[in-house]
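Here's a quick briefing to keep beside the viewer. Have a look at the model first, then work through the points by topic.

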Amino acid sequence: MTEDHTDITPPRDEGGPIPEAGWLGRAIDRVGIVFAIGIIIAMLILIQEVVLRYFFNRPTIWAHETTVFLSGVAFVFGGLYCTARDSHIRVVLIYDQLGPKLRRAFDVVISIVCGLAAAMFTWAAWIMVSRAAFTPAGDFRLERSGSAWDPVYPGAIKVFLMLVLGIMTVQFAILAVNYARGRR
C-alpha cells in the first residue's frame, strides 16, 4: 500500500531565505550579518560602559544612546529579515490543514495584504521622516536626541524605518508574484 504525499509541503532549508523571496530575499539575508554584528558591538559598548562607570568612575555620555540605536536598527531590520526567511509568527491552526493549492492561494493573499499594510506604514513613516529630517524651510537636518551628546540617532532611525518598510513592501510584492506563479 502506497501513501499519497501530495498534500505535504517539502521541507525547506532553514539556513536562508525562502526561494519565493527571490533576489531581494537573498540580499536581505546577506545584509543581516551587519545587524548581528551591531548587536555584538552594542554588547561590547555596554561592557565597556560598566567597567568605566563602576571601576573607574568615568562613564561616557554616548554609550547608552549608541546601544539603544544599534539595538533599535537591528530590531527594525529583523522584521524584514523574518519576511525574507518566512520565519514570522503565524497562526497555523487553519493554515497547516490546507492542501498545497489552497495554501499557495493563502500565501498569495497574505503577501498582498501584508504588502498593502507595509505600503501604508511606509507612507506613515514618510510623514514622520518629513518632520524629523527636514526643516520647515526644506533643508535637510536630522532630528537630534537633545541629550548632552546630542546625536542624530532619532532622525536616523526614523529614516531607516521608512527605508526598511519600503523594502518590505517590495519584498511582499515579490513573494505574492512568486507564490502565484508557484515558484520555489
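The crossing of helix α4 and helix α5 is left-handed. Keep in mind that this is a predicted model.

**Helix packing**

- Helix α4 covers residues 100-133 and helix α5 covers residues 153-181; the two pack at an angle of about 160 degrees, with axes 8 Å apart.
- Angles over 145 degrees count as roughly antiparallel, so α4 is roughly antiparallel to α5.
- Sorted by class, the contact of α4 with α5 has 22 nonpolar residues, plus six polar and four charged ones.
- Helix α1 (residues 22-55) packs against helix α2 (residues 63-85) at an angle of about 155 degrees, and here the axes are 9 Å apart.
- That angle makes α1 roughly antiparallel to α2.
- The crossing of α1 and α2 is left-handed too.
- In the contact of α1 with α2, the classes come out as 16 nonpolar, six polar and three charged residues.

**Nonpolar cores**

- The largest nonpolar core has 21 residues, and those touching the most other members are I28, F35, F77, L80, F160 and L175.
- Two or more residues of this core come from each of α1, α2, α4 and α5.
- Which element gives the most to this core? That's α5, with eight residues.
- Zooming in on F77, and skipping neighbours within four places in sequence, you'll find contacts with I28, V31, G32, F35 and F160.
- There's also a second, separate core of six residues, with A125, V129, A133 and M162 among them.

**V129 and K158**

- V129 belongs to helix α4 and, at 2% relative accessibility, counts as buried.
- Beyond its neighbours within four places in sequence, V129 is in contact with F134, K158, V159 and M162.
- If you want a distance to check, the C-alpha atoms of V129 and A74 are separated by 19 Å, with the two residues 55 apart along the chain.
- K158 lies in helix α5.
- Not counting residues up to four places away in sequence, K158 touches M128, V129, A132 and E143.
- K158 and S71 are 87 residues apart along the chain, and their C-alpha atoms are separated by 14 Å.

**Positive phi in the loops**

- As background, most residues other than glycine have a negative phi.
- D86 has a phi near 55 degrees, a positive value in a residue that isn't glycine.
- You'll find D86 in the loop between α2 and α3, the latter being residues 92-95.
- With a relative accessible area of 21%, D86 is partly exposed.
- D150 isn't a glycine either, yet its phi is positive, at about 60 degrees.
- Look for D150 in the loop between α4 and α5.
- D150 has a relative accessible area of 23%, so it is partly exposed.

Terms used
Residues are numbered from 1 along each chain as its sequence is written. This is a predicted model: local features need pLDDT of at least 70, side-chain atom pairs count only at pLDDT 80 or more; totals for chains, interfaces and linings use all residues. Side-chain values use heavy atoms; hydrogens and water are left out. Axes are lines fitted to C-alpha atoms, for helices over the stretch in contact, and angles run from 0 to 180 degrees between N-to-C directions. Helices (H or I, at least four residues) and strands (E, at least two) are DSSP runs, numbered from the N terminus. Angles under 35 degrees count as roughly parallel, over 145 as roughly antiparallel, 65 to 115 as roughly perpendicular and the rest as oblique. A crossing is left-handed if the near helix is turned anticlockwise from the far one by less than a right angle, and right-handed if clockwise. Ala, Val, Leu, Ile, Met, Phe, Trp, Tyr, Cys and Pro count as nonpolar, Asp, Glu, Lys and Arg as charged, and the others, Gly among them, as polar. A nonpolar core is a set of buried Ala, Val, Leu, Ile, Met, Phe, Trp, Tyr and Cys residues joined through side-chain atoms within 4.5 Å. Buried means under 20% relative accessible area, exposed over 50%, partly exposed in between (1.4 Å probe, protein chains only). Contact means heavy atoms within 4.5 Å.
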